[in-house]
Amino acid sequence: MTDTMTPEQRHRCMSHIRSRDTKPELKVRRWLWHHGYRYRIGVRSVPGKPDIVMRPYRTAIFVNGCFWHGHEGCKSFRLPQTNSDFWQTKIARNRSRDQRNYQLLRDNGWHVIVVWECQLAPAQLESTMRQVELQLNQNMLALYQHTPPTYHLQDNPLPMAAEEEPSFGTSTTDTP
Ligand SMILES: [Zn+2]
C-alpha cells in the first residue's frame with residue numbers, strides 16, 4: 001500500500017486520532033476535577049481496583065470500555081466475526097468478574113457507579129457526568145441519613161449506573 005501522506009500530514013493525522021482517543025477514564029477524571037471533586041486512582045486497598053475511588057462518598061467508579069466489558073445493547077460492542085466464540089467467552093468472563101467486584105464492594109458498604117465509554121461521547125459527556133454527580137450527592141447523603149426508608153434508596157442507584165445489571169447476570173457464577 002502506497003503511503004501518500006507527508007510526514008507532517010501523518011503527524012497531524014496521528015495526533016488527531018490520539019486526541020479523539022482520549023482514555024474514557026481521563027474524561028471522567030477531568031470532569032470531576034474541574035467540578036471540584038477530588039478522588040484517588042490506583043487504590044489497591046479497595047476491592048476490584050476501581051478506576052476512581054472517592055472515599056468521602058464511599059463510592060467506587062468504574063469507567064468501562066464497551067467492548068472489553070461487554071456493554072449489552074451498545075453500538076460500540078460488536079463481537080468480531082472471526083473467533084467469535086473466543087471473544088464471547090472472554091467477554092463473558094470479564095463481565096462476571098465485573099459483577100463479582102461490584103458485589104464485593106457493595107457487600108463492604110461501597111457504592112458503585114459504572115460509566116460506559118459510549119456515555120462519554122462529546123454530546124453525552126455533560127449529562128452523563130451530571131448523573132454521576134447526582135449519584136455522588138445521594139451517596140454522600142446516604143452516609144448521614146440512617147432512617148431505614150432513606151437508606152433503602154441507595155439500593156436503587158440511578159438507571160444510568162444500574163441499567164445493565166439485570167442483563168449482566170448471564171453467568172450464574174456470580175450469584176452467591
Ligand atoms: Zn457502550
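Where does Arg 58 lie? Arg 58 lies in the loop between S1 and S2; point 7 returns to this residue.

1. Basis of the note. This is a predicted model, in which local features need pLDDT of at least 70, side-chain atom pairs count only at pLDDT 80 or more, and totals for chains, interfaces and linings use all residues. Residues are numbered from 1 along each chain as its sequence is written.

2. Overall make-up. The protein chain has seven helices and three strands. Here helices (H or I, at least four residues) and strands (E, at least two) are DSSP runs, numbered from the N terminus. Along the sequence their pattern is α-α-β-β-α-β-α-α-α-α. Of the 176 residues of the protein chain, 22% count as buried. A residue is buried if 20 or more other C-beta atoms lie within 10 Å of its own, exposed if 12 or fewer, and partly exposed in between, with C-beta atoms placed from the backbone. Two residues are in contact if their C-beta atoms, placed from the backbone, lie within 7 Å. Among contacts in the protein chain with a separation of 6 or more, 64% are between residues 24 or more positions apart.

3. The sheet. Three strands form an open sheet in the order S1-S2-S3, with mixed pairing. Two strands pair if DSSP finds at least two bridges between them. S1 and S3 are the edge strands, each pairing on one side only. On average, neighbouring strands of this sheet are turned by 20° against each other, direction ignored. Strands of a sheet pair through backbone hydrogen bonds, either parallel or antiparallel. S2 and S3 pair in the parallel sense, over six bridges. In one of these pairings, Phe 62 has Val 114 in S3 as its bridge partner.

4. Helices on the sheet. H2 lies across S1, S2 and S3 and runs at about 140° to S2. H4 also lies across S1, S2 and S3, running at about 180° to S3. For these angles, axes are lines fitted to C-alpha atoms, for helices over the stretch in contact, and angles run from 0 to 180 degrees between N-to-C directions.

5. Which residues of helix H2 (residues 24-34) are buried? They are Pro 24, Lys 27 and Val 28. Seen down the axis of H2, its buried residues fall within an arc of 95°, so they line one face of the helix. The arc is that of the directions from the helix axis to the C-beta atoms. An α-helix has 3.6 residues a turn, so residues three or four places apart point the same way. The buried residues of H2 pack against S1, S2, S3 and H4, while Leu 26, Trp 33 and His 34 are exposed on the other side of H2. Gly 36, with a positive phi near 85°, follows H2.

6. The core. The largest nonpolar core has 20 residues, and those with the most contacts inside it are Ala 60, Ile 61, Val 112 and Val 115. A nonpolar core is a set of buried Ala, Val, Leu, Ile, Met, Phe, Trp, Tyr and Cys residues joined through C-beta atoms within 7 Å. Two or more residues of this core come from each of strand S1 (52-54), strand S2 (59-64), helix H3 (84-107), strand S3 (111-116) and H4. S3 gives the largest share, five residues. Not counting residues up to four places away in sequence, Val 115 touches Val 28, Ile 61, Val 63, Leu 120, Thr 128 and Val 132.

7. Most residues other than glycine have a negative phi, and most peptide bonds are trans. Arg 58 has a positive phi, near 45°, and counts as partly exposed because 17 C-beta neighbours lie inside 10 Å. Asn 83, in the loop between S2 and H3, has a positive phi near 55°. Asn 83 is exposed, with 11 other C-beta atoms within 10 Å.

8. H3. The 24 residues of H3 should span 34 Å at 1.5 Å a residue, and this agrees with its end C-alpha atoms being 34 Å apart. The expected span of a helix is 1.5 Å times one less than its number of residues. Arg 95, Asp 98, Tyr 102 and Leu 105 are buried in H3. H3 is followed by Gly 109, whose phi is positive, near 85°.

9. Gln 138. This residue is in helix H4 (residues 122-144). Gln 138 is partly exposed, with 19 other C-beta atoms within 10 Å. Gln 138 and Tyr 57 are 81 residues apart in sequence, and their C-alpha atoms are 8.8 Å apart in space.
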